[in-house]
Amino acid sequence: MRPAIRIEGLAKGFTLHLQGGIGFQVLRDEALTVMPGECVALTGPSGAGKSTLMRCLQGNYGTDAGQIWLAHRGAEVDLAAADARLVREIRRETLGYVSQFLRVIPRVSARDVVAEPLQAQGMPRAEAEARASALLTRLNLPPRLHGLPPATFSGGEQQRVNLARGFAPHTPILLLDEPTASLDAANREVVIALIAEAKARGTALVGIFHDIEVRDRVADRTHDILPLEDAA
Ligand SMILES: Nc1ncnc2c1ncn2[C@@H]1O[C@H](COP(=O)(O)OP(=O)(O)OP(=O)(O)O)[C@@H](O)[C@H]1O
C-alpha cells in the first residue's frame with residue numbers, strides 16, 4: 001500500500017524581521033510516514049514545532065528543504081513544491097483540515113459553510129446541504145442554528161461547525177488541530193467516533209491533541225517533535 005503522507009528531510013525556520021532579521025530553525029530533517037487508515041498524534045513540548053509541522057503539511061508555510069509527498073489522484077505529489085493551483089486542487093480533493101478556530105465568513109450560514117467543500121467536489125447542492133445538516137445534527141448543533149451565520153455562535157458551537165466542514169467531504173487525508181479543545185464530553189465522544197469512522201474508511205489522520213484521553217483513544221502512534229537544542 002502506498003503511504004498517504006511521506007515527509008522527508010523537512011526543514012523550516014523563521015526570520016524575525018522585527019529583531020534585526022535574526023533567524024532560527026524549528027524543524028530540521030523531519031521525517032514522517034502515515035499510511036491510509038492510520039492516525040498519528042504529534043507530541044512534544046510547547047514551542048517544539050507541532051503547529052509549524054501542521055502548517056507545512058497543510059501547505060500554508062513554505063519550507064526551507066525537504067519533500068512532503070502526498071498520495072493525490074493515484075500518484076505521489078510533493079506539496080512542498082506545488083504551485084498555488086495544485087495546492088488548491090489537493091485541498092479540494094485530498095487534504096482536509098480542521099483548524100482550532102472557525103474562519104467566519106459574513107452572511108454564510110453554518111449549513112453552507114459545511115456544504116461548501118462538498119459542492120466544490122461536485123456534489124449537487126441539495127445533497128450537500130442534506131449531508132451538512134445531518135453532520136451538524138450529529139454534532140448536536142440545534143437545527144435553529146443551521147441557517148444562521150456562525151459569527152455569533154459560542155466557541156464550542158463554532159468548533160463543531162468547523163469539525164463538520166472538515167469531516168463532511170471524506171478527503172483521504174485529514175489534519176486535526178486540537179479538534180476537541182472547546183467541546184463538552186458528549187461532543188468529544190462524537191468527534192472520537194467520527195475519527196474512528198474516518199480511519200475505517202482509510203483516511204490518514206495527523207493531529208495535535210492536547211487532551212491526552214482523546215489522543216490515547218484515537219491515535220495509533222505518536223510522533224514526537226523535539227526542540228532542536230534538545231535534539232542536537
Ligand atoms: N510565523 C512564525 N514566525 C516566527 N516564529 C514562529 C512562527 N510560527 C511559529 N514560530 C516559532 O516556532 C516555534 C515553534 O512553534 P509552534 O507553534 O510550531 O510550537 P508547538 O509545538 O505547536 O507549541 P504549542 O504546543 O505551545 O502550541 C516557537 O518558538 C514559535 O515561537
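Which strands does helix α1 (residues 50-57) lie across, and at what angle does α1 run to β8? The legends below take this up view by view. This is a predicted model, in which local features need pLDDT of at least 70 and side-chain atom pairs count only at pLDDT 80 or more, while totals for chains, interfaces and linings use all residues. Residues are numbered from 1 along each chain as its sequence is written.

View A. Helix α1 lies across β3 (39-43), β7 and β8 (204-208), and runs at about 145° to β8. Helix α7 (residues 185-200) lies across β3, β7 and β8, again at about 145° to β8. Helices (H or I, at least four residues) and strands (E, at least two) are DSSP runs, numbered from the N terminus. For "across", contact means C-beta atoms, placed from the backbone, within 7 Å. Angles run from 0 to 180 degrees between N-to-C directions, with axes fitted to C-alpha atoms, for helices over the stretch in contact.

**View B. Five strands make an open parallel sheet.** Their order is β6-β7-β8-β3-β9. Because β6 (95-98) and β9 (221-224) each have a single partner strand, one side of each is left without a neighbour in the sheet. Neighbouring strands are turned by 20° against each other on average, direction ignored. Strands pair here if DSSP finds at least two bridges between them; β6 and β7 (residues 173-177) have four, in the parallel sense. Look for valine 98, whose bridge partner in β7 is leucine 176.

**View C. Four strands make an open antiparallel sheet.** The order is β2-β1-β4-β5. The edges are β2 (22-34) and β5 (75-78), each with a single partner strand. From one strand to the next, the twist averages 30°. Strand β1 (residues 5-16) is joined to β2 by nine bridges, and leucine 10 stands opposite glutamate 30 in β2. Helix α1 turns up here too, lying across β1, β2 and β4 (65-72) at about 65° to β2.

**View D. Residues surround the ligand.** Among them are Phe14, Val26, Lys50, Ser51 and Thr52; a residue counts if its C-beta atom, placed from the backbone, lies within 6 Å. The largest share of this shell, three residues, comes from α1.

**View E. Helices α3 and α4 pack together.** Helix α3 (residues 110-120) and helix α4 (residues 125-138) pack at about 125°, with axes 8 Å apart. In α3, Val114 and Leu118 are among the residues that meet α4, where the contact includes Ala132 and Leu135.

How values were computed: Two residues are in contact if their C-beta atoms, placed from the backbone, lie within 7 Å.
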